[in-house]
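Start with the rings, then turn to the cavity.

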Amino acid sequence: MDVRGWSEILFTIAITVALAFPLGFYLARVWKGERIWLDPILRPVESVLYKAFGVDGKKSQNWFAYTVSMLVFSAASFIVLYLILRFQNLLPFNPQGFKGTSSDLAFNTAVSFVTNTNWQSYVPETTLSTFSQMAGLTSHNFLSAAAGIAVAAALARAFAANRSENLGDFWVDLTRISLYILLPFSLVIALAYVALGEPQTLIAHVTAHTLEGGKQTIALFPTASQEAIKQLGTNGGGVFNANSAHPFENPNPITNLIEIVSMNVLGYACAVA
């Protein structure tokens, strides 16, 4: 590797570390429920969600209740994703006309995305509808990442208190991490990706006319929105089989830099927090 290659590596690490410290301090405030600059916009939404799900935002759980809550949430998430994949042919936003996936593929994919493993034993652009990509995989990229960060928050509280009581509430952590961390940052990153050339559309495909006079069908998806949370939440599972090696998911060096930083910055920030 030449000097430029090492310089690019060091530059990327430096940016990631530089962003991890302020993000870590911000994340700690989110974990502790302290006031932050997004409160005027998101506090009302947070309160409505607590009321809708019957959550008391001021109560805390012990280790057993926190664990059970996380497992119940994961089980429910698995069932919902499994059903979406099995019956995608009956659901909206299926301009490709894809049929429902097989039971074993739906099971494998649902388990994989719920556990943040994101293993894909299929070709996404020829298997999953736009609805499955958005409501199924993209939403689980948010929720499984939020659940993992929530467990990190509980672990941090346990170390700080040197006990297994008062670890916070899993549902509160899940809500606050999703609202104050993953959603706003993913929105900004997704808009940056769109500006840099990643597609974000509900159109199934476009037809390109080649120089030789032939035709080529090019699959399209709401790529930027899934790519943003895929990388920020350290998930896998892109909308295309090649993932970030596909030019629609990673069209240029700037998107490549953003993706690499995104993949690492929240992990660093959790350690800081």
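Tyr 66, Phe 73, Phe 170 and Trp 171 form one aromatic cluster. Rings of Phe, Tyr and Trp (its six-membered ring) pair if their centres lie within 6.5 Å; planes under 30 degrees apart count as stacked, over 60 as edge-to-face and the rest as tilted. The model is predicted: local features need pLDDT of at least 70, side-chain atom pairs count only at pLDDT 80 or more, and totals for chains, interfaces and linings use all residues. Residues are numbered from 1 along each chain as its sequence is written, and side-chain values use heavy atoms, with hydrogens and water left out.

**Aromatic pairs**

- The count comes to 11 aromatic pairs.
- Phe 73 and Trp 171 make an edge-to-face pair, because their ring centres are 6.1 Å apart and their planes stand at 80°.
- This pair links distant parts of the chain, 98 residues apart: Phe 73 is in helix H3 and Trp 171 in helix H6 (residues 170–195). Helices (H or I, at least four residues) and strands (E, at least two) are DSSP runs, numbered from the N terminus.
- Phe 73 is buried, at 13% relative accessible area, whereas Trp 171 is partly exposed, at 28%. Buried means under 20% relative accessible area, exposed over 50%, and partly exposed in between (1.4 Å probe, protein chains only).
- Phe 221 and Phe 240 also pair edge-to-face, with 5.9 Å from centre to centre and 75° between the planes.
- That pair, too, links distant parts of the chain, 19 residues apart. Phe 221 lies in the loop between strand E2 (215–219) and helix H7 (223–232), and Phe 240 in the loop between H7 and helix H8 (253–272).
- Phe 221 is buried, with a relative accessible area of 1%. Phe 240 is buried at 1% as well.

**A charge over a ring**

- The charged end of Arg 176 sits over the ring of Tyr 180, 4.6 Å from its centre. The rule asks for NZ of Lys or CZ of Arg within 6 Å of the ring centre and within 35 degrees of the ring normal.

**The cavity lining**

- Phe 73 returns here: the largest cavity is lined by Phe 73, Ser 74, Ser 77, Val 114, His 140, Leu 143 and Ser 144. A cavity is a set of points on a 1 Å grid over the protein atoms alone where a 1.4 Å probe fits but cannot get out, and lining residues have an atom within 4 Å of a point.
- Helix H3 (63–86) and helix H5 (130–161) are the elements that give two or more residues to this lining.

Conventions:
1 Å grid on protein atoms, 1.4 Å probe; cavity = no way out; pocket = protein on both sides within 12 Å on 5 of 7 lines; lining within 4 Å.
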